[in-house]
Amino acid sequence: MKKLFASVFIAAVLSAAPAAHAVQPDEIMADPAKEARARDLSRELRCMVCQNQSIDDSDAPLARDLRLLVRERIASGDSDSQVIDFLVARYGEFVLLKPRFTPHTLLLWLLPPLALAGGGLALWFYNRRRSDTGSATDPSLLHLTEEEEARLERLLAADAPDKKA
């Protein structure tokens, strides 16, 4: 019982711990407002090495270079959108963890809801067709004809001696 409580306690402590970020102390800007902007931007940018991590979370050398570049652009007076535009121009749309809604990303944004709606529609048609066939069952199909009953009796009789042997 004590082991159970200890494991629950450890799990609770670990889940309450803040997420570790890869930002090094020498990267942090002196101005807290600019540092907050840099951290927010870093969470929106993809690490090209890790691919599904933000540069704020990645330990890769390229992510560090991108974090420093973001801070350099902020220090030079660029707005958030100017920093993002600079990085997109330099590395392409792939650098954004959340792609922009543009004509060439329209399929990327609309495919998941369309697939979900299509799946729901397919399930609805399947259930509807299934319920229609279930209620329209002909009662005469549920009973064997005399000829079918006789054939069944012959098959069962022919099979019966094999089971006794």
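This is a predicted model: local features need pLDDT of at least 70, side-chain atom pairs count only at pLDDT 80 or more; totals for chains, interfaces and linings use all residues.
Buried here means under 20% relative accessible area, exposed means over 50%, and partly exposed covers what lies in between, with a 1.4 Å probe and protein chains only. By that scale E153 is exposed, because its relative accessibility is 52%.

Residues are numbered from 1 along each chain as its sequence is written, and side-chain values use heavy atoms, with hydrogens and water left out.

**A negative patch**

E153 belongs to helix α6, which spans residues 146-164; helices are DSSP runs of H or I with at least four residues, numbered from the N terminus. Together with E146, E147, E148 and E149, E153 makes up a patch of negative charge on the surface. Patch members have over 30% relative accessible area and no salt bridge, with like charges joined within 9 Å and nonpolar side chains (Val, Leu, Ile, Met, Phe, Trp, Tyr) within 5 Å. Asp and Glu count as negative, Lys and Arg as positive, and His and the chain ends are not counted. For Glu, the place of the charge is taken as CD.

**A nonpolar patch and an aromatic pair**

There is a nonpolar surface patch too: F101, L106, L108, W109, L110 and L114 share about 590 Å² of accessible area, with areas from the Shrake-Rupley method and a 1.4 Å probe. L108 sits in helix α5 and is exposed, at a relative accessible area of 52%. W109 also has its place in helix α5, residues 106-135, and is partly exposed at 31% relative accessibility. F101 is exposed, at 58%.

How many aromatic pairs does the structure hold? There are two, where Phe, Tyr and Trp rings (the six-membered one for Trp) pair if their centres lie within 6.5 Å; planes under 30 degrees apart count as stacked, over 60 as edge-to-face and the rest as tilted. The pair of F101 and W109 is edge-to-face, because the planes stand at 65°, with the ring centres 6.3 Å apart. W109 can also be placed relative to P99: their C-alpha atoms are separated by 8.7 Å, with the two residues 10 apart along the chain.

**Salt bridges**

The structure holds seven salt bridges, each being a side-chain nitrogen of Lys or Arg within 4 Å of a carboxyl oxygen of Asp or Glu.

| R43 | D40 | 2.9 Å |

R100 is partly exposed at 29% relative accessibility, and D85 is partly exposed at 40%. A network, joined by salt bridges that share partners, takes in R39, D40, R43 and D56. Within it, R43 and D40 both belong to helix α2 (residues 32-44), three residues apart, about one turn of the helix. R43 is partly exposed at 39%, as is D40 at 44%. In the remaining pair of the table, is D78 buried or exposed? D78 counts as buried, because its relative accessibility is 13%, whereas R73 is partly exposed at 24%.

Methods
Helices (H or I, at least four residues) and strands (E, at least two) are DSSP runs, numbered from the N terminus.
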